[in-house]
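Take a look at the structure below.

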Amino acid sequence: MQCTFCPRNCKVNRTEQAGFCRVKGLTIARVGIHEWEEPCISGTRGSGTIFFSGCNLRCIFCQNDTISRSAYGCEISVDTLGKLMLYQQSVGAENINLVSPTQFTGQIAEALAKYKPQIKIPVVYNSNGYESVEQLRRLEGLVDVYLPDLKYADNSLAVEYSSVPNYFDMATAAIAEMKRQRPKNVFVNGMLRRGVIVRHLVLPGNLDNSKRVLDYLASYDRNIYVSLMAQYFPTADVKSHPLLGRTITQDEYDEISAYFKQCGLHNGYFQELSSNSEEYVPDWSLERLDEIIKKV
Ligand code: SF4
């Protein structure tokens, strides 16, 4: 197989070699319940996350760098992935939340094709937005909720911060495909059953980028749901970066929240600034993951 799972199109044989995303076989780093997603995703019982290892971006500020920069985690089969989805359902998770899934779209489509009929809770595809439209089409009818990022409005900022070409063009095309598949957000008792929420992480000193992202989203569809995230914290790698070396201020977040309304958006979620702490980064211990894998 020559990998074309994402717009990098590395065309490497992933059974033998890792591509830009640094992972070969299907590798996961965590299975757990996550309580700090948007209220319509976490609900009262928490979101059933499955975190995938590796990443097709290289964000210098990555908040999950332990798992994104290597194949850290456990390699599993497609069948085990399907069984882990059923496990999350059996422990009462509100949904199955596939986090950083892009580098394994093929295996995810395969697992869902087999296990989706047994899954009664929503399947959430939680991605950085750098997706191939062709690959997303393989997930049509299998994914209920898309949770893509739109990180940058400016391709050159995406190159500088995430080493990724054409990010804006690829991510906006991906969002359009996600909206085509799930055009309307459907809520049941406050929980999102089907639909799309676009996430944007506000970066310190980069308010112009955030405003342009919001301008784009408002011009694309002023009814689109947008989650404006305040949880950025500087990792060790960017502690001395002139802009990224601090958390965002309340004034910065207030300015972007006000702009959200000014540009015509009206469906969305806002975060408390107190979420910008390393404490909210999940525990990546592999012992518990191993125990869960053995159970399924
Ligand atoms: S998923 Fe990984 S190997 Fe495949 S095209 Fe993307 S970066 Fe390259």
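**From a loop to the ligand**

Thr235 lies in the loop between β9 (225-229) and α9 (250-262). Helices (H or I, at least four residues) and strands (E, at least two) are DSSP runs, numbered from the N terminus. The model is predicted: local features need pLDDT of at least 70, side-chain atom pairs count only at pLDDT 80 or more, and totals for chains, interfaces and linings use all residues. Residues are numbered from 1 along each chain as its sequence is written, and side-chain values use heavy atoms, with hydrogens and water left out.

Is Thr235 buried or exposed? Thr235 is buried, at a relative accessible area of 6%. Buried means under 20% relative accessible area, exposed over 50%, partly exposed in between (1.4 Å probe, protein chains only). Setting aside neighbours within four places in sequence, Thr235 contacts Ile60, Phe61, Cys62, Gln63 and Asp65. Contact means heavy atoms within 4.5 Å.

Now the cores. A nonpolar core is a set of buried Ala, Val, Leu, Ile, Met, Phe, Trp, Tyr and Cys residues joined through side-chain atoms within 4.5 Å. The largest has 79 residues, and Ile50 and Phe61 touch the most other members. Helix α7 (residues 167-181) gives the most to this core: six residues. A second, separate core has nine residues, including Cys40 and Tyr225.

Around the ligand are Cys3, Phe5, Cys6, Arg8, Asn9, Cys10, Arg14, Gly19, Phe20, Cys21 and Gln103, each with a heavy atom within 4 Å of it.
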